[in-house]
Amino acid sequence: MPPTTRNLFLYVTGVKDIEAKNIQGLTMIKISFYEGTNMAQAAAEVTAMANRAFASMPSGTQPPFIIRFDASTLPIGQLALSSPTRTNNELQDLAMTVVRPSFSRIAGLTSPAPFGGNSRTIVIHVDPQLMRSHHLSADQVVAAIKDNNQISPAGNVRIGDITYLTPANTVIRTVKEFENIPLVMGDGPTVFVRDVAKVEDAADITSSYAVINGKRSVYLPIIKTADASTWTVVNNLKTALPNIQKLLPEDVKISFVFDQSVYVINAVKSLISEGVIGAVLTALMVLLFLGDRRSAYIVIITIPVSIIIGVMLLKLFGQTINIMTLSGLALAIGILVDESTVTIENIHQHLEMGKPKAQAIWHACQEIAFPKLLILLCILAVFAPSFTMKGVPRAMFMPLSLAIGFSMIASYLLSQTLVPILANWMLDANKFKHHGHPHVPSNDVHKTAGYIETEIADEKQHAKTISGFDRFKLRFIGWLETLLKRRKLVIGAYFIGVIGIVALCMSIIGRDILPKLNNGQFQLRLKEPTGTRLERTETMLIKSTEILKEVVGAKNIDITSSFIGTHPSSYSTNPIYLFMATPNEAVLQVNMKEDFKINMDEFKEKLRKRIHEQMPEVKMSFEPIDLTDKVMSQGASTPIEIAIMGKNLKESVPYAKKVLAEMKKIPYLRDVQINQAMDYPAIRINIDRERAGQLGVSVTDIAKSLTASTSSSRFTEKNNWLDEKNATSYFVQISVPENEMSSINDMAAIPISKNNTRPSLGDVATLQPDTVVGEYDRIGAVRIVSIGANIHKKDLGNASAAVAAAIKRAGEPPRGITVEKRGLMNLLNETLDSLQSGLLVAIIVILLLLAANFQSFKVALVVVSTIPAVLAGSLIMLLITGSTLNLQSYMGIIMSVGVSVANAILLITNAEKLRLENHDARRSALEGTSIRLRPILMTSIAMVAGMIPMASGLGEAGDQTAPLGRAVIGGLIASTFASLFILPLIFAWVQQKSTVKSVSLDPEDENSPYYVPGAARV
């Protein structure tokens, strides 16, 4: 497409980028828009500009397809057709005319044309020798077919009282009749089509094959629309399959393979199992600390109720069940435990004070209602930055944030409503009578400083008789008293230690967008030397499949699906879903059996080695196959992609080869290659216009005869035939059989003049072997040469840095040439930058919330002082388990920050209240920590226990969610230690000289210096 034509799309509102891929017979333009663009208006404008551009296209160009495409509009499976008796072309016709139209009844489902067959076509195979003997050219046959087979409107004749239609047989009714079309009439015998050609009800020129399980087949990629649920679409399709099967002949079977919804369903099952295991482990923690089965039951009941409410709210807000919402719900299970556990534990504390059950429940809920609300707001604040993110990070982070937020809100409300009701029904108050202290007034909502001092003194006095948790608490108080004496030294060591650990870990930990997934699926692109014909490429693919079976064992392979060659010209939308540039390319998709477990990195390396050993000339590259990976890659075929951009390929290609050589030196890069074919073999035809004119032929005559002889007439003269049996029209095309055009001499003998054997093509042109560029890619006004590479046992962050260094070693690019990182590399930086800035914003928001609550920035800073410990703990755990810093582990870190702040708020709230009573920050820190020791340990251990199933990575998609669980476990262990041993020390130090006077300006607050006695509230 000329640049002037392509530039028409710059008039479209909101255009961000215009990318184009150009191969023989196809131009594919991808127009990207800025966020917030009105896509309905943009689609209308693109259509208008495409229609204008079409007017300047060469004759024979088909009208453009305009498709609104989203990154998540990707295949979720394949619908394969098979038959023991029918050809691929027959299956292709059934797929096009029967199966594909049935999809209109399935909401959210769409599909391009079938892969693997060719469109049914009436093919007239002309014999070059017979044409020369009758002094005919291919263009004369084309003209005769056009004159004798054309659709014309029927007229009307009114005879008497009746109006008659006047249909004529201008369209040939049967395929056989094409043979009777006259080509030469007049003096001498009439020459018919049957005299120089063979007419077949066949198919277009074969340009590709689809091979499923070693047999040529036809399949339809099943595409879900951007806003549809994979699970729902697949279930609806499976429900409709029996009805579709009834429409097909009995010998044709239809099956759904490469089902991507299986992973969603199994992930839901994993969520349920993780939730059950987490709930059981949580119940055991409650039972261990409180010794009460009924309390454990209450905690367990709130978990599924909160999850159900969260899922309902997700549905209300237009979200679906996907890997991110499932991760959010799985993570929320651990937090939900915290809400109900804190309430139950506080009820126990008030019952142990000797209060009546109803009053104990009321006071317990009243005491923690506001601190828990503050905790809820702080945790929600952690995820608030997702609303300010853009692009892919927002699309990935938002569903997770909503899942956690909705479940948290539901859990908070349940902990203040359902939990008290269940406690009132189920708890046995008689079990707590022996804990009662008669000097505690029953109407006191909080434990007073005097009560706590008396309680601690009483426990110390009877240290030999008490057992279990009370004995541990006494030991803990002793340890804390020792640390309080050296608090400045300990605090200094703490900050130096955690900051140093964080800095060290950040310098060595790997960075990825998402964890690598071992799901037993892979996609491999294989390339024979440029220009290799289709049949040889198929042989190579079959040999590669045999090597695969040797590596993993045939019994462990569930299904293999391959596509070889380029898409037929009739199906110009198919390259959107699987781009194939040349006939020497093949793409192999493999699905292992579910019970076969394998390390995909090691397997890929072994397969590479075996293929290179047996077929050293073959290039290969593993490509994303998982839905999530495809969405994240944004069209890139490899995680590493470098674009060399410039107007002149003669300068771009040599520099690209320099970069390629430097990248090959990086030991952990694999499949490093230039993606475009720069030396595609060609036979260059140089027409001597002067000689052609002298011999009475024009360039148009030469071009038409050449096209009909080497391709088909459908590109120069469109002609259709109507099959009255199924009321479907098909192309009619004239072509020379491929085996009749097998040398340069055969091409030179092509007749180009009507009614004459000479001149032939060789009389007016020279034909010589040459090479041309096989694929032109553009971004805007510049052409690009792209270099792709895969990564072996290395994270994307380090690989990206190594590639940047390799580009520097290649030297300064020539003037006018720029180098751009593409693929996942840019997205990695964008995602991690968004998460880091989001975490910083969240901490600031939390700090402001705490400052407003405590009316002191000093106390707010004390609360957030445990956050460095969270970061250190999470990073250490990720390094120990071999995980990287990625979207999932970042979620775990952010979540751990929220839980750490929650524990700190509970502890500091109590300590500050006690300080205002006893005016002693050191003693208040000690006593406040002793009160909150049990709930902090309970919630932390329960949440760690609840995260163990996720961190193990044993469930479906466990590899992707495991880093999240590991980051939470590491962060919680570190934050629990910091909350219990460091936070009291910081509080005692910071608040030791703080005033106990209220800073409130409320004249109705009795503690305010501005209190007005007798003031009434309005």
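Colleague: In which strand does I29 lie?

Modeller: This is a predicted model, in which local features need pLDDT of at least 70 and side-chain atom pairs count only at pLDDT 80 or more, while totals for chains, interfaces and linings use all residues. Residues are numbered from 1 along each chain as its sequence is written, and side-chain values use heavy atoms, with hydrogens and water left out. Helices (H or I, at least four residues) and strands (E, at least two) are DSSP runs numbered from the N terminus, and the run of residues 26-33 that holds I29 is strand β2.

Colleague: Is I29 buried, partly exposed or exposed?

Modeller: A residue is called buried under 20% relative accessible area, exposed over 50% and partly exposed in between, with a 1.4 Å probe and protein chains only. The relative accessible area of I29 is 25%, so I29 is partly exposed.

Colleague: How much accessible area do I272, V276, V280, L284 and L287 have together?

Modeller: Patches are made of residues with over 30% relative accessible area and no salt bridge, like charges being joined within 9 Å and nonpolar side chains (Val, Leu, Ile, Met, Phe, Trp, Tyr) within 5 Å. One of the five residues, V276, has its place in helix α8, residues 261-290, and is partly exposed with a relative accessible area of 49%. By the Shrake-Rupley method, with a 1.4 Å probe and, for residues, only the protein chains shown as cover, the nonpolar surface patch formed by I272, V276, V280, L284 and L287 has an accessible area of about 420 Å².

Colleague: How many of the seven residues of strand β18 are buried?

Modeller: In a regular strand the side chains alternate between the two faces of the sheet. From β18, I640, I642, I644 and G646 point one way, whereas E641, A643 and M645 point the other way, and all are buried. Strand β18, residues 640-646, is therefore largely enclosed by the rest of the structure, and the number of its residues that are buried is seven.

Colleague: Which residue of strand β26 stands opposite I644?

Modeller: Two strands pair if DSSP finds at least two bridges between them. Strand β18 is joined by seven bridges to the antiparallel strand β25, residues 782-791, where the bridge partner of I642 is I787. Six bridges join β18 to strand β26, residues 818-823, and these two also run antiparallel. In β26, the residue that stands opposite I644 is V819.

Colleague: How many residues apart in sequence are the parts tied together by E345 and R932?

Modeller: The side chains of E345 and R932 meet in a salt bridge, 3.9 Å from N to O, and both residues are buried. Because E345 lies in helix α10 (residues 323-352) and R932 in helix α31 (residues 921-952), the separation in sequence of the parts they tie together is 587 residues.

Colleague: What kind of aromatic pair do the rings of Y494 and F495 form?

Modeller: Rings of Phe, Tyr and Trp (its six-membered ring) pair if their centres lie within 6.5 Å, and planes under 30 degrees apart count as stacked, over 60 as edge-to-face and the rest as tilted. A search of the whole structure finds eight aromatic pairs. The rings of Y494 and F495 have their centres 4.9 Å apart and their planes at 65°, so the pair is edge-to-face.

Colleague: What angle lies between the planes of F977 and F981?

Modeller: Being four residues apart in helix α32 (residues 958-990), F977 and F981 are separated by about one helical turn, and F981 counts as buried at 17% relative accessibility. The aromatic pair they form is tilted, with 5.1 Å from centre to centre and an angle between the planes of 35°.

Note on methods: Salt bridge = Lys/Arg side-chain N within 4 Å of Asp/Glu carboxyl O.
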